[in-house]
Amino acid sequence: TPLIAARRYFWGAYSFSTLGRFVHGMALSWVVWTQTHSPLWLSAIALLSALPSLPLAPVAGSMADRFHRHHILLITQTIAAALTAFLSFSDHLNPYNLAVLALIFGIVTSIDGPSMHSMLVETGETVSQAVARQSLVMNVARSIAPMLAVFIIESFSATWCFAMNAICFIPMIAVMAVVKIP
């Protein structure tokens, strides 16, 4: 049925996008560390990536309830892809620019999160099924990403990890643009 196909496309794209985000995080930490050798800079980047979720979570949750989730995800996934593509091709990867980009990426991710989580349930599964599947996707991606990031960094460079993340957003953008999940 169309809903089962939509569910498969959505979960496949979500899995791919999640893997890209974890590889991105590893590469971002690697670039910051190789440039600064500073635990303070690593902490600052992590803080700037996560901090926006505190004030934005209630606003983003309200947006997910009031606006069409497909449109929110289409916009946030496109912005995230553009940011990571910029990181891929930028010659200006210094700690200050990375801090600003980490903050912007944190803002986009904070807005994206509630809509994404509500879409996980809207795929026609029960809440417990969606939570179990989302946990599986997160844990598998979290396990595979470090090995994949190290392989890409050692074989090419950290900027290729950012390029991979930009590419990983394409399936989710396509799913949100084409597939209609009720």
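Modeller: Start with Cys168. This is a predicted model, and in it Cys168 counts as buried because its relative accessibility is 0%, under the 20% cut-off. Cys161 is buried too, because its relative accessible area is likewise 0%. A disulfide needs the two sulfurs within 2.5 Å. Cys161, for its part, is in no disulfide either. The count for the model is zero disulfides.

The largest nonpolar core has 29 residues. Cys161 is among the members that touch the most others, along with Val23, Ile45, Leu98 and Phe162. Helices α1, α4, α5, α6 and α7 each supply at least two residues of this core. Now take Val23. Beyond its sequence neighbours within four places, Val23 is in contact with Ala145, Leu148, Ala149, Cys161 and Met164.

Helix α6 covers residues 127-155. Its 29 residues should span 42 Å at 1.5 Å a residue, and the end C-alpha atoms are 41 Å apart, so the two figures agree. There is still a kink of about 35° at Ala145, shortly before Pro146. An α-helix has 3.6 residues a turn, so residues three or four places apart point the same way.

Next, α5. Its 28 residues should span 40 Å at 1.5 Å a residue; the end C-alpha atoms lie 39 Å apart, so this helix agrees as well. A bend of about 35° sits at Gly113, and the proline Pro114 follows within four residues. Both ends have something to check. Asn94 caps the N-terminal end, with a side-chain oxygen 3.0 Å from the backbone nitrogen of Tyr96. After the helix comes Gly124, with a positive phi near 100°.

A polar residue is buried as well. Gln77 sits in helix α4 (residues 69-89). Gln77 counts as buried because its relative accessibility is 0%. What does its side chain meet? The side chain of Gln77 makes a polar contact of 2.8 Å with the side chain of Asp112. Leaving out residues up to four places away in sequence, Gln77 touches Ser17, Arg21, Asp112, Met116, Phe169, Met172 and Ile173.

Finish on the surface, for contrast. Asp91 lies in the loop between α4 and α5. Asp91 counts as exposed because its relative accessibility is 72%, over the 50% cut-off. The C-alpha atoms of Asp91 and Thr159 are separated by 9.8 Å, though the two residues are 68 apart along the chain.

Methods:
Residues numbered from 1 in each chain as written. Predicted model: local features only at pLDDT ≥ 70, side-chain atom pairs only at ≥ 80, totals over all residues. Heavy atoms only, no water. Buried < 20%, exposed > 50% of the residue type's maximum accessible area, 1.4 Å probe, protein only. Polar contact = N/O pair within 3.5 Å; in protein donor to acceptor, adjacent residues only side chain to side chain. Contact = heavy atoms within 4.5 Å. Expected span 1.5 Å × (residues − 1). Bend = angle between axes of the 7 residues up to and from the residue. Core = buried A, V, L, I, M, F, W, Y, C linked by side-chain atoms within 4.5 Å.
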